[in-house]
Amino acid sequence: MGLIRAAVLMDYPVVARRLGLDPTAALRAVGLTDAAIEQPQQLISSDAMVRLLEDSAAQTGCPSVGLQLAEMRKLSYFGVVSLLLAHQRTLRDVVQMGLQYLTLMNPSVALHLEDTGKTAVLHHVFLTDRAMPASQATELQAAAIARLFREIVGKEWRPSLVQFTHPAPASVDVHRRFFGCKLAFDAESNSITFPSADLDLVNPSGDAMMAGYARSLIEVPARSSGSLVDEVNRLIHLFLPIGRATIEQVAHSLERNVRSLQRELGAADTTFSALLNATRRNLAGGYLHNMRFDIGDVAALLGFARPGSFTRWFAREFGGTPAAFRANRAS
């Protein structure tokens, strides 16, 4: 089961009441309780969290439930990891530490930083056990990243572009106000773009001694948190839309060689091909539902070099062509 820290939902009761919802009833409807979200370090179902936010948005007609949660979020919710991030010297150091200790904060979130030297793009994916709409959780994640950056280098920090793979809501006024930059929906990946120079912005509150102390506190649990299979799945989700979901790329990102990665996955009774195939199966239907993407676009997003290869794979996995699947769902 995909898991996430309950800290993500600590402010949900306040937001729910503001929107006219009974938070206890809403939590119960997705299998959660008030007690489950009162302990920030407790792990809860990521699928339940996603359904909670999507249901809340649907029931209230509010397209910014995730953003409202992010506006109330405090860095301190994530305990000693918060202390580690708060005392990094630069924004680059914050990102690197965040990537290293991500599983201690949100095991169901995957991040990948691309830095060309001119432009930096932070890709993010919210992982669920089964395919489901997750626009609110995705927006919450993007907003939480932006809020973290502002807490580190100043409240005036703004990205240059924020992209989401889901369609735009009826109103994006709150989104524009929160991010303060160009927005793009129905995009090929969820990402935050900003100048590479921002990575070298100095954290005025950074304290190397405090950062070292925090790191010493979490070093042992960090090594034991998150399985290799989980890490590989995160990287596959991140690399597929940008055409890099190969075993070579994943092994490199995990600081392993390919043979070592294959052996370790074998010890976990799986293979890279099996994990890649499962991810493609999980994502294919959602992409085909989005009429903005033609079949060639979906093939590329799932890492196929040619539409024909995708069509053959899809027919083998689902018993019909992508075009037929799309037509049946549209009828």
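Strands β3 and β4 run antiparallel to each other and are joined by 7 bridges. In this predicted model, β3 spans residues 109-115, while β4 covers residues 119-126. One of the contacts between the two strands links L111 to H124, its bridge partner in β4. The pair makes up a hairpin, with 3 residues sitting between the strands. In that turn, G117 stands out for its positive phi of about 95°.

On to the other partner of β4. Strand β7, residues 191-195, also pairs with β4 in the antiparallel sense, this time over 5 bridges. Here A120 has F194 as its bridge partner in β7.

Next come the cysteines. A disulfide is a covalent bond between the sulfur atoms of two cysteines. How many disulfides does a search of the whole structure find? The count comes out at 0. C62 takes part in no disulfide, and its nearest cysteine sulfur, the one on C181, lies 19 Å away. Seen from the other end, C181 is in no disulfide either, with the sulfur of C62 as its nearest at 19 Å. As for accessibility, C62 counts as buried because its relative accessibility is 10%, and C181 counts as buried because its value is 17%.

Conventions. Residues numbered from 1 in each chain as written. Predicted model: local features only at pLDDT ≥ 70, side-chain atom pairs only at ≥ 80, totals over all residues. Heavy atoms only, no water. Buried < 20%, exposed > 50% of the residue type's maximum accessible area, 1.4 Å probe, protein only. Helix = DSSP H or I, 4+ residues; strand = E, 2+ residues; numbered from the N terminus. Pairing = 2+ DSSP bridges. Disulfide = S-S within 2.5 Å.
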